[in-house]
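Have the viewer open as you read.

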Amino acid sequence: MTPSARITGSGSYLPARILSNKDLEQIVDTTEDWIFSRSGIRQRHIAAEDEFTSDLALAASREALQSAGRSASEVDLIVVATTTADQVFPSTACLLQERLGIRGCPAFDVQAVCAGFLYALDVVYRYVATGASQCALVVGAETFSRILNWEDRTTCVLFGDGAGAMVVEASDSPGILSSHIHADGTYKDLLCVPVGVSTAYQEILNGRAYTEMQGKEVFRWAVSALGDAVIEVLTTNGMDKAEIDWLVPHQANIRIIKAIAKRLDLSMDQVVVTIDQHGNTSAASVPLAFDAAVKDGRIQSGDKVIFEAFGGGFTWGSMLVQI
Ligand code: COA
């Protein structure tokens with residue numbers, strides 16, 4: 001019998017510095033109310049100057065391992081989802097591996113921006129379900145503040161920094177029930193940082209690698225793609241909407257989250273919302289939200305949970321998990 005891939009632990013980390021909407025009024029031409037009413041965000045965390053994505057990933061990973069009752073030496077696969085790697089190479093996963101004090105197991109990054117954690121978890125799911133990994137560490141970690149133009153009010157008010165991690169283990173009990181990831185590169189220009197080491201290295205050296213976004217189009221597309229994605233996961237599992245206990249959505253905009261909850265006939269009491277506190281932390285958003293709801297006791301063992309996320313690319317996906 002093929003093993004299932006169970007989430008056996010989770011952890012998270014948020015940088016100490018909090019930037020409120022009120023603080024942002026001093027930085028760009030905006031208001032506290034505009035940001036909250038359009039996005040649901042009240043504040044976000046911002047990494048210190050000497051704090052890097054691997055630092056955030058390490059803190060979240062340690063907590064996840066502790067909650068799973070595992071030591072780092074038991075980890076046989078590390079996958080990190082990030083858009084904001086410490087270095088061009090080695091991967092953040094390799095940096096994390098070294099800092100966890102382990103050697104030899106595969107460690108690599110996955111890049112799917114805000115859908116990155118679902119992509120990373122999809123990879124881990126398939127490794128564990130085929131018996132190639134027994135105990136995997138999967139992390140979403142971002143210092144997204146580093147790729148924001150702090151003079152562009154249409155983007156800089158929406159994002160924040162943070163990390164979330166999960167331990168996924170081979171098990172005889174149910175775990176991840178199905179995973180569905182998608183991409184459509186024809187939308188590459190609607191949400192992007194349009195420079196990279198190969199195309200415009202000087203821009204990066206000058207610190208001008210900024211996120212650009214056509215907000216309205218991204219919004220419309222996210223609602224449509226995520227709506228289809230949550231129906232896809234239900235249909236695949238022959239499951240009724242009423243059987244879902246929790247939705248743990250990507251935290252990009254409260255209005256997108258509400259639209260997807262409506263598609264699933266879920267009350268907002270069954271939706272984990274952290275956007276007000278975290279903003280959009282890209283690949284870290286789903287594991288951060290999941291960990292918050294595990295820590296406060298909302299998500300319990302046996303619960304059926306849908307994860308969904310949407311990001312630049314476009315990339316998107318959904319997953320059904322029994323906890
Ligand atoms: N403060 C005040 N005004 C702002 C502003 C800000 N921070 N940012 C934009 N505005 C202005 C616009 O310039 C526009 O002014 P105009 O009408 O004079 O041109 C006005 O507010 C309305 O902007 P609009 O773009 O229509 O707002 P919106 O209701 O579409 O909300 C977003 C904007 C960005 C919040 C929304 O489109 C969104 O969330 N999109 C999806 C973004 C997302 O989720 N991205 C990540 C996906 S992973």
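What follows goes from the domains to the pockets, and then on to one helix, the cysteines and the backbone.

This is a predicted model, so local features need pLDDT of at least 70 and side-chain atom pairs count only at pLDDT 80 or more, while totals for chains, interfaces and linings use all residues. Residues are numbered from 1 along each chain as its sequence is written, and side-chain values use heavy atoms, with hydrogens and water left out.

**Domains**

The protein is assigned domain 1 (4-172) and domain 2 (178-322), with bounds that come from an automatic or database domain assignment. Taken over C-alpha atoms, the centres of domain 1 and domain 2 are 14 Å apart. Domain 1 puts 53 residues into the contact and domain 2 puts in 46, where contact means heavy atoms within 4.5 Å.

**Pockets**

First, the ground rules. On a 1 Å grid over the protein atoms alone, a pocket is an open set of points where a 1.4 Å probe fits, with protein on both sides within 12 Å along at least five of seven lines; lining residues have an atom within 4 Å of a point. Helices (H or I, at least four residues) and strands (E, at least two) are DSSP runs, numbered from the N terminus.

Where does the largest pocket sit? Domain 1 and domain 2 both give residues to its lining, so the largest pocket lies between them. Its lining has 40 residues, and Thr83, Thr84, Ala85, Ile147 and Ile204 are the closest to the centre. Strand 9 (191-192) and helix 7 (201-205) each supply at least two lining residues, and helix 7 gives the most, with 3.

The second largest pocket also gets lining residues from both domain 1 and domain 2, so it too lies between them. Of its 29 lining residues, Leu158, Met213, Gly215, Lys216 and Asn253 lie nearest the centre. Two or more residues each come from helix 2 (32-39), helix 6 (153-156), helix 8 (215-236), helix 9 (254-263) and strand 12 (304-311). The top contributor to this lining is helix 8, with 6 residues.

**Helix 4**

Which residues of helix 4 (residues 92-100) are buried? They are Thr92, Ala93, Leu95, Leu96, Gln97 and Leu100, with buried meaning under 20% relative accessible area, exposed over 50%, and partly exposed in between (1.4 Å probe, protein chains only). The cover over these buried residues includes helix 3 (53-68), strand 4 (77-81), strand 5 (107-110) and strand 6 (135-142). Just after helix 4, Gly101 has a positive phi of about 75 degrees.

**Cysteines**

A disulfide is a pair of cysteine sulfur atoms within 2.5 Å, and by that rule the count is 0. Cys105 is in no disulfide, and its nearest cysteine sulfur, that of Cys94, is 9.0 Å away. Cys105 is buried at 13% relative accessibility. Cys192 is in no disulfide either, with the sulfur of Cys114 nearest at 13 Å, and Cys192 is buried too, at 18%.

Most residues other than glycine have a negative phi, and most peptide bonds are trans. Here are some exceptions. Phe89 and Pro90 are joined by a cis peptide bond with omega about 0 degrees, and Pro90 sits in the loop between strand 4 and helix 4. The bond from Gly313 to Phe314 is cis as well, with omega near -10 degrees; Phe314 is in the loop between strand 12 and strand 13 (315-322).

Asp265 has a positive phi, near 55 degrees, and lies in the loop between helix 9 and helix 10 (275-278). Ser282 also has a phi near 55 degrees, in the loop between helix 10 and helix 11 (285-295). Are these two buried or exposed? Asp265 is exposed, with 58% relative accessible area, whereas Ser282 is buried, at 1%.
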